[in-house]
Amino acid sequence: MNIEKYVHQIWLSVICILLLVGLFLPVGQFSNEEGATALLTNFRINYIEGTHGAGMWALAVLQIAALAVALFELLLSGFRNFVLQKRLIVFISLLLIGYYIIYVVYVLLAKGDASFIPLWAASFPLISLIFCYMTFHGVQKAEADIIARASGFRLRD
């Protein structure tokens, strides 16, 4: 087994780990002039007073859906259904782009007069998106290699 042919499985594993870890970390912080702060998580906004707003669940839904599809893609990558693998990678990428669209909408709606500081966990879906691109090309390379091996022939002199 040549590791270069199946390196996309490593990228898929990294995508799954990043999405799982990023699901439970805060992705942004709001602060205003009075010193009050609030943490934006994928599930809700946690205020410094201990209260929370539970209307931010769409971020978590998109990230959980991307994680579930990535896990299914990782299980599917052991088989040679390359067309479905590429379609699922595109679907994961669209989910992650949708995550950032909803993220920007939430920040703009909740910001008001406060300042917003994105936290490092907000970059995990972007890093996963980059790994999706690498995975897509890894699947294409594995598919091309298998097709070349299967249809390869030698001309006789």
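Reader: Quick one to start: which residue stands opposite Q29 in β2?

Author: Q29 stands opposite L39 in β2. Before going further, note that this is a predicted model, in which local features need pLDDT of at least 70 and side-chain atom pairs count only at pLDDT 80 or more, while totals for chains, interfaces and linings use all residues. Residues are numbered from 1 along each chain as its sequence is written, and side-chain values use heavy atoms, with hydrogens and water left out.

Reader: How many bridges join β1 to β2, and do they run parallel or antiparallel?

Author: Strand β1 (residues 28-31) and strand β2 (residues 37-40) run antiparallel and are joined by 4 bridges; two strands pair if DSSP finds at least two bridges between them. Strands here are DSSP runs of E with at least two residues, helices are runs of H or I with at least four, and both are numbered from the N terminus.

Reader: And what about the hairpin, where is the positive phi?

Author: The hairpin of β1 and β2 has 5 residues between the strands, and G35 there takes a positive phi near 95 degrees.

Reader: Which residue of β5 does G28 stand opposite?

Author: That is P118, and β1 pairs with strand β5 (residues 115-118) in the antiparallel sense over 4 bridges.

Reader: Switching to rings: how many aromatic pairs does a search of the whole structure find?

Author: The search finds 8, where rings of Phe, Tyr and Trp (its six-membered ring) pair if their centres lie within 6.5 Å, and planes under 30 degrees apart count as stacked, over 60 as edge-to-face and the rest as tilted. Y100 and Y103 form an edge-to-face pair, with 6.2 Å centre to centre and 85 degrees between the planes.

Reader: Why are Y100 and Y103 separated by about one helical turn?

Author: Because they are 3 residues apart in helix α3 (residues 82-111). Y103 counts as buried at 7% relative accessibility, whereas Y100, at 22%, counts as partly exposed; buried means under 20% relative accessible area, exposed over 50% and partly exposed in between, with a 1.4 Å probe and protein chains only. Ring pairs also link Y100 and Y103 with F30, Y99 and F116 into a cluster.

Reader: Is W120 buried or exposed?

Author: W120 counts as exposed because its relative accessibility is 58%, while F124 is buried, with a relative accessible area of 9%.

Reader: Now cysteines: how many disulfides does the search find?

Author: It finds 0 disulfides in the whole structure, a disulfide being a pair of cysteine sulfur atoms within 2.5 Å. C16 is in no disulfide, and the nearest cysteine sulfur, that of C132, is 9.4 Å away. C16 is buried with a relative accessible area of 8%, and C132 is buried as well, with 1%.

Reader: Last topic, helices: at what angle do α3 and α4 pack?

Author: α3 and helix α4 (residues 124-150) pack at an angle of about 165 degrees, with their axes 10 Å apart; axes are lines fitted to C-alpha atoms, for helices over the stretch in contact, and angles run from 0 to 180 degrees between N-to-C directions. The two helices are therefore roughly antiparallel to each other, since angles under 35 degrees count as roughly parallel, over 145 as roughly antiparallel, 65 to 115 as roughly perpendicular and the rest as oblique.

Reader: Is their crossing left-handed or right-handed?

Author: The crossing of α3 and α4 is left-handed, meaning that the near helix is turned anticlockwise from the far one by less than a right angle, with clockwise being right-handed.
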